[in-house]
Amino acid sequence: MVDREFWPVRDLLAHLAGRWRVERIVRDLASGEEGRFGGTTLFSPLEDGGDGLLHHESGTFVWQGTPRPAERTLRFLPGPSAGASQVRFADGRPFHDLDLTSGRHLTEHPCAADLYRGEFTVHDEGHWRTVWRVGGPAKALVLTTDYTRERLESAPSL
């Protein structure tokens, strides 16, 4: 995988549907501390049957040697084109836009006094990455998340 090669996504929701293995590194730039999250993300149909996908992430976050369960839920709704989506928090509040028709997207999300700057890159049909840089009066973080598509095991033939 070469960092500057991006894989264009024609239909974002179809591309994301399914289960992904997630590995995230959280670096605190002020303290030098580093934490890790490992788990899965499932992109499944919305419960209400509407257009879009429910993104549910769950796993274990280890910070300063202490493991804790962690999870989050987002909604990926259709965007202005098939390669785009509007990402919302579980309660419906807007989070950010996402357009991966070129295989790469930059976005921002203001959160109270902090600013989240995100970069999304798709490397091939089974690998994509997000990098969020968070800055504010009390935060200086970089969150790097790698997603790898989980393949269903085929049943052995008899």
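Throughout these legends, buried means under 20% relative accessible area, exposed means over 50%, and partly exposed lies in between, as computed with a 1.4 Å probe on protein chains only. The views show a predicted model, in which local features need pLDDT of at least 70 and side-chain atom pairs count only at pLDDT 80 or more, while totals for chains, interfaces and linings use all residues. Residues are numbered from 1 along each chain as its sequence is written, and side-chain values use heavy atoms, with hydrogens and water left out.

View 1. Alanine 112 sits in the loop between strand S7 (104-111) and strand S8 (114-124), where strands are DSSP runs of E with at least two residues and helices are runs of H or I with at least four, numbered from the N terminus. The relative accessible area of glutamine 64 is 56%, which makes it exposed. Most residues other than glycine have a negative phi.

**View 2. The salt bridge between glutamate 57 and arginine 72.** A salt bridge is a side-chain nitrogen of Lys or Arg within 4 Å of a carboxyl oxygen of Asp or Glu, and the closest N and O atoms of this pair are 3.5 Å apart. Because glutamate 57 lies in strand S3 (residues 53-63) and arginine 72 in strand S4 (residues 66-78), the pair ties together parts that are 15 residues apart in sequence. Glutamate 57 is buried at 3% relative accessibility, whereas arginine 72 is partly exposed at 32%. A network of salt bridges links Arg24, Glu57 and Arg72.

**View 3. Two further pairs among the 11 salt bridges of the structure.** Arginine 93 and aspartate 91 meet through their side chains at 2.8 Å, N to O; arginine 93 is partly exposed at 46% relative accessible area, and aspartate 91 is exposed at 55%. Arginine 117 pairs with glutamate 108, with 3.5 Å between the closest N and O atoms. Arginine 117 is partly exposed at 48%, as is glutamate 108 at 46%.

**View 4. Aspartate 28, buried yet without a salt bridge.** Aspartate 28 is found in strand S1 (residues 18-28). The nearest side chain of opposite charge is that of arginine 27, 9.0 Å away, where Lys and Arg count as positive and Asp and Glu as negative, and His and the chain ends are not counted. Leaving aside residues up to four places away in sequence, aspartate 28 touches Glu33, Trp63, Ala140 and Leu141, contact being heavy atoms within 4.5 Å.

**View 5. Tryptophan 128 and the largest nonpolar core.** A nonpolar core is a set of buried Ala, Val, Leu, Ile, Met, Phe, Trp, Tyr and Cys residues joined through side-chain atoms within 4.5 Å. Of the 27 residues in the largest core, Leu16, Phe43, Phe76, Leu98, Leu100 and Trp128 touch the most other members.
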